Amino acid sequence: MTNFKIIMQCLSRVAFLGLMLVSANAMAWGHAAPALRVVMPATAAPEAMSQLFADLGDGEKTISIPGAAWLQLQFADVKIGSGGVLTIAGSSGESQNFTQSQIDAWGGLTAVFNGSKLLVGLKQGAGATEHVSATIKDIIIGLPGSVATGAEVVIPQSLLDLLGPDIKRFIPNDLHGSQTELVQPSQGVHSEAICGRTDDRIVSANPRVGRVMPVGCTSWLIDGGNLLSAGHCINQNFQTVEFNVPASLADGTTQAPSIRDQYRVRAGSIVSQNGGTGNDWAVFQVLSNTETGLMPANAQGAAFEISNTDNPTQVRITGYGLDGPAPDFGDGDRNAQSQTQQTHSGRLAQNTADGVLRYDPDTQRGNSGSPVAVEDRNVAIGIHTDGGCGPNGGSNAGTSFRNAALWRAIADMPNNPVPSNWQVALSDGTKFTHAGVWSTGWATGEYWH
């Protein structure tokens with residue numbers, strides 16, 4: 001048996017057999033669809049990659065990872081000073097330009113570039129006397145969607161030559177399925193979830209709905225420009241929001257949108273709860289785009305209204321779930337619709353006073369965080385979080401805006417869309433309307449009627 005054959009077998013058995021198995025009888029729970037990737041740190045890079053991590057100075061440097069589906073860089077110790085520019089250019093001709101304040105705000109992380117080659121450049125500001133410099137801390141390497149299947153994996157030899165046979169140690173925990181991270185269920189497990197035996201989602205292009213990467217969740221814009229998602233999506237991989245996402249490759253390999261459609265989650269802006277069905281939510285903000293200077297609400301020109309009083313008979317779920325052939329619908333083989341925007345509408349079965357929504361539109365892993373919207377209206381009543389459907393029926397679930405903590409968190413965000421008078425319903429059906437805030441100078445509270 002050739003070394004190449006041995007490496008292929010090791011990769012398919014080791015790298016993704018480390019994924020946590022999820023019992024088909026386990027209680028339904030929402031799951032993300034983390035990007036298939038390797039994170040290569042400078043401190044552990046194999047010899048074949050060591051030259052790519054050399055310190056950067058004034059001038060340009062090529063980062064080439066043959067066989068990569070996409071690339072992203074994590075910088076450290078960037079010093080470009082006033083007027084200096086850090087530029088990253090992809091093979092498609094697109095580029096991202098950072099000032100010192102922008103790269104600091106992005107935490108040293110770049111946008112995602114499709115392809116296997118980047119050109120990195122540092123340039124001093126006019127009249128600057130101090131040298132510019134930067135260090136590449138990590139190179140994030142996109143893997144092909146085919147590695148998600150149980151079949152033998154075909155990876156370009158050039159990529160294997162760089163990464164070496166011990167690839168498992170460079171695969172992030174959210175793909176291994178450690179107890180503290182998100183999981184990638186095995187084939188045949190429908191954790192989030194097609195209702196019936198056919199997948200009725202169709203391709204959509206709602207400008208309000210984006211994809212969060214690399215965690216692999218959905219988020220969406222509300223009036224005022226803030227964004228919502230699922231609380232169980234929040235971890236260190238909740239990094240960038242992408243709009244106008246293109247089709248994936250035929251094997252489900254995700255493709256990033258234009259740099260002008262990628263936004264960094266604002267550090268410290270996230271308010272969230274991960275308390276189970278009916279109490280699983282996140283509210284957050286992003287930074288303006290580095291190339292356009294626009295916030296996503298301005299660039300997309302649309303946002304959802306939100307309501308904690310609407311109780312429609314039909315709801316629509318729009319998001320970025322996995323996709324593929326039956327019966328796994330993306331938990332095995334994937335297709336070009338996988339993790340691209342799709343939508344489906346169906347019956348709303350439950351909208352409880354304490355915030356639990358149940359409904360039967362089709363979803364899949366990656367739909368976590370999707371808007372639960374009133375059919376034929378741009379009004380959302382909650383956030384999709386959980387699977388529960390299967391071949392014989394059932395219902396998927398989410399968190400309603402009747403969850404008082406969620407509604408209050410939105411109201412407390414800058415530029416919030418919540419009206420000053422808003423309602424909370426108790427379990428016995430009694431409704432109280434928030435009428436305002438009082439202050440005595442030594443204490444502050446709220447009054448209701």
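Colleague: Is Cys217 buried or exposed here?
Modeller: Keeping in mind that this is a predicted model, Cys217 counts as buried, because its relative accessibility is 0% and buried means under 20%.

Colleague: Which residue is Cys217 joined to?
Modeller: A disulfide joins Cys217 to Cys233, with 2.0 Å from sulfur to sulfur. In general terms, a disulfide is a covalent bond between the sulfur atoms of two cysteines. The link of Cys217 and Cys233 is left-handed, with -90° about the S-S bond.

Colleague: And where do Cys217 and Cys233 sit in the chain?
Modeller: Cys217 belongs to strand 11, which covers residues 217-221, while Cys233 lies in the loop between strand 12 (227-229) and strand 13 (238-242). The pair is 16 residues apart and links distant parts of the chain.

Colleague: What about Cys233, buried or exposed?
Modeller: Cys233 is buried, with a relative accessible area of 0%.

Colleague: How many disulfides does the structure hold?
Modeller: The structure holds two disulfides. Besides the link of Cys217 and Cys233, there is a disulfide formed by Cys195 and Cys389, whose sulfur atoms are 1.9 Å apart.

Colleague: What is the handedness of the link of Cys195 and Cys389?
Modeller: The link of Cys195 and Cys389 is right-handed, with 75° about the S-S bond. The pair connects distant parts of the chain, 194 residues apart: Cys195 is in the loop between helix 4 (173-176) and strand 9 (202-203), and Cys389 is in the loop between strand 22 (379-386) and strand 23 (396-400).

Colleague: Why does Cys195 count as buried?
Modeller: Cys195 has 17% relative accessibility, and because buried means under 20%, Cys195 counts as buried.

Colleague: If I number the bonded cysteines in sequence order, what is the pairing?
Modeller: Numbered that way along the protein chain, the pairing is 1-4, 2-3.

Colleague: Changing topic, how many helices and strands are there in the protein chain?
Modeller: The protein chain has six helices and 26 strands. Of its 449 residues, 54% count as buried.

Colleague: And what can you say about contacts and surface?
Modeller: Among contacts in the protein chain with a separation of 6 or more, 72% are between residues 24 or more positions apart. As for the surface, the accessible area of the protein chain comes to about 18,100 Å², and carbon and sulfur atoms account for 50% of that.

Key. Residues numbered from 1 in each chain as written. Predicted model: local features only at pLDDT ≥ 70, side-chain atom pairs only at ≥ 80, totals over all residues. Heavy atoms only, no water. Disulfide = S-S within 2.5 Å. Helix = DSSP H or I, 4+ residues; strand = E, 2+ residues; numbered from the N terminus. Buried < 20%, exposed > 50% of the residue type's maximum accessible area, 1.4 Å probe, protein only. Contact = heavy atoms within 4.5 Å. Areas by Shrake-Rupley, 256 points an atom, 1.4 Å probe, with all protein chains shown as cover.
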